[in-house]
Amino acid sequence: MTATEATGLAEPGLEAHFDEVIAAEQRIEPRDWMPDAYRATLIRQIAQHAHSEIIGMQPEGNWLTRAPSLRRKAILLAKAQDEAGHGLYLYAAAETLGIDRAELTEKLISGRQKYSSIFNYPTLTFADVGVIGWLVDGAAICNQVPLCRCSYGPYARAMVRICKEESFHQRQGYELLITLMRGTDAQRRMVQDAVDRWWWPSLMMFGPSDGDSPNTARSMAWRIKRHTNDELRQRFVDMTVPQAEHLGVTLPDPALSWNEARGSWDFGEPDWSELKQVIKGQGPCNEQRVERRRAAHEDGAWVREAALAYARKRRSEGGADHD
């Protein structure tokens, strides 16, 4: 399937050039012609990614005031700062497609756009901070590294820095878990409990199975995505099982077994009904996450208004000097 076959549009000259660029593994840039459906797909994906970075600060932010040491607090603060930066990079990339970040924020807090399902689960203990770094950021890395080769230039370039920082976050999470596993029996039980709760939601981060994914084929035809959901999920499992063994935790999947013929790990089927419920807004923390984002947006209105007034004043003063 070519990119034009995926769109159903009919502007032969422009679409032919678009297809040639995609087929040649080159980049589409903001001023280039692109099919409306390509633009809409990118806005949906980049917006969801940006929203996830911003909402994703909340679960771990729950532990900022309760971190067990100044070092752990500093690490957690640095990570939250990184995630905020990721959101800004991605909103900026989305704006190159002709949509304003204020509109994207409004769509998020009104429920018209989604963020990653994983951030609708609670962080019950400090071990969750480590497991999020290890499993959730690990899954994000599997999903996002191929996006550095995305066909849309601004998105691909933003992902280069994001992936480097996500890799650092994963190492921080794993280091925290190693420290806890070398501690008391209670600390080891705390880590195992966190792994039990986050393992399946982490597998569901990659989205539904390929047969139930409505956007994968078109996104791959356009080189937005490079791998299917199931391929990425398998890559994540194969990467994570040896890490779990080294860490000394048990992954909560009785079907997990090494497949000698395939050279990879077999694993069980996630509970897709749970994923559907979370996506519909019925997860453990859906309402809380969106309400906090809405409150933060409203509380920050005076900052935006002040910045706008200052910008207008500077433009006015500049105009007067020019005259």
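This is a predicted model: local features need pLDDT of at least 70, side-chain atom pairs count only at pLDDT 80 or more; totals for chains, interfaces and linings use all residues.
Helix H4 (57-61) and helix H5 each supply at least two residues to the lining of the second largest cavity. Around it you will find Met 57, Glu 60, Gly 61, Leu 64, Leu 76, Lys 79, Ala 80 and Glu 83. Which element gives the most to this lining? H5 does, with four residues. Sorted by class, the lining of the second largest cavity has four nonpolar residues, one polar residue and three charged ones.

How do we find such spaces at all? Rolling a probe the size of a water molecule over the atoms shows where empty space is left. In this model, the count comes to two cavities of 30 Å³ or more.

Let us move on to the largest cavity, which has a volume of about 120 Å³. It is lined by 13 residues, and the closest to its centre are Ile 75, Leu 76, Val 129, Gln 172 and Leu 176. You have already met Leu 76, which also lines the second largest cavity. Helices H5 (70-95), H7 (127-144) and H8 (153-181) are the elements that give two or more residues to the lining of the largest cavity. By class, that lining divides into five nonpolar, five polar and three charged residues.

Of the 14 residues that line it, Ile 54, Leu 88, Tyr 91, Thr 105 and Arg 293 are the closest to its centre. Two or more lining residues come from each of H4, H5, helix H6 (101-109) and helix H13 (286-299). Seven residues in the lining of the second largest pocket are nonpolar, three are polar and four are charged.

Two packed helices are described by the angle between their axes and the distance between the axes. The crossing of H5 with H7 is left-handed. On the H5 side the contact is made by Leu 76, Lys 79 and Glu 83, which meet Val 129, Ile 132, Gly 133 and Asp 137 in H7. This contact of H5 with H7 has three nonpolar, one polar and three charged residues.

Stay with H7 and look at its contact with helix H9 (residues 185-204). Their axes come within 9 Å and cross at roughly 30°, which makes H7 roughly parallel to H9. Here the crossing is right-handed. From H7, the residues Ala 127, Asp 128, Val 131, Ile 132, Trp 134, Leu 135, Val 136 and Ala 139 take part, and they meet Met 190, Val 191, Ala 194, Val 195, Arg 197, Trp 198, Trp 199 and Ser 202 in H9. What is the make-up of this contact by class? The contact of H7 with H9 has 13 nonpolar residues, one polar residue and two charged residues.

One more partner of H7 remains on our tour: helix H11 (residues 229-247). H7 and H11 pack at an angle of about 145°, and their axes are 10 Å apart. H7 passes H11 in a right-handed crossing. The H7 residues in this contact are Trp 134, Leu 135, Gly 138, Ala 139, Cys 142 and Asn 143, while H11 brings Leu 232, Arg 235, Phe 236, Met 239, Thr 240, Gln 243, Ala 244 and Leu 247. The contact of H7 with H11 has nine nonpolar, four polar and one charged residues.

Conventions:
Residues are numbered from 1 along each chain as its sequence is written. Side-chain values use heavy atoms; hydrogens and water are left out. On a 1 Å grid over the protein atoms alone, a cavity is a set of points where a 1.4 Å probe fits but cannot get out, and a pocket is an open set with protein on both sides within 12 Å along at least five of seven lines; lining residues have an atom within 4 Å of a point. Grid points are joined across faces, edges and corners, and a volume is the space filled by probe spheres set on the points. Ala, Val, Leu, Ile, Met, Phe, Trp, Tyr, Cys and Pro count as nonpolar, Asp, Glu, Lys and Arg as charged, and the others, Gly among them, as polar. Axes are lines fitted to C-alpha atoms, for helices over the stretch in contact, and angles run from 0 to 180 degrees between N-to-C directions. Angles under 35 degrees count as roughly parallel, over 145 as roughly antiparallel, 65 to 115 as roughly perpendicular and the rest as oblique. A crossing is left-handed if the near helix is turned anticlockwise from the far one by less than a right angle, and right-handed if clockwise. Contact means heavy atoms within 4.5 Å.
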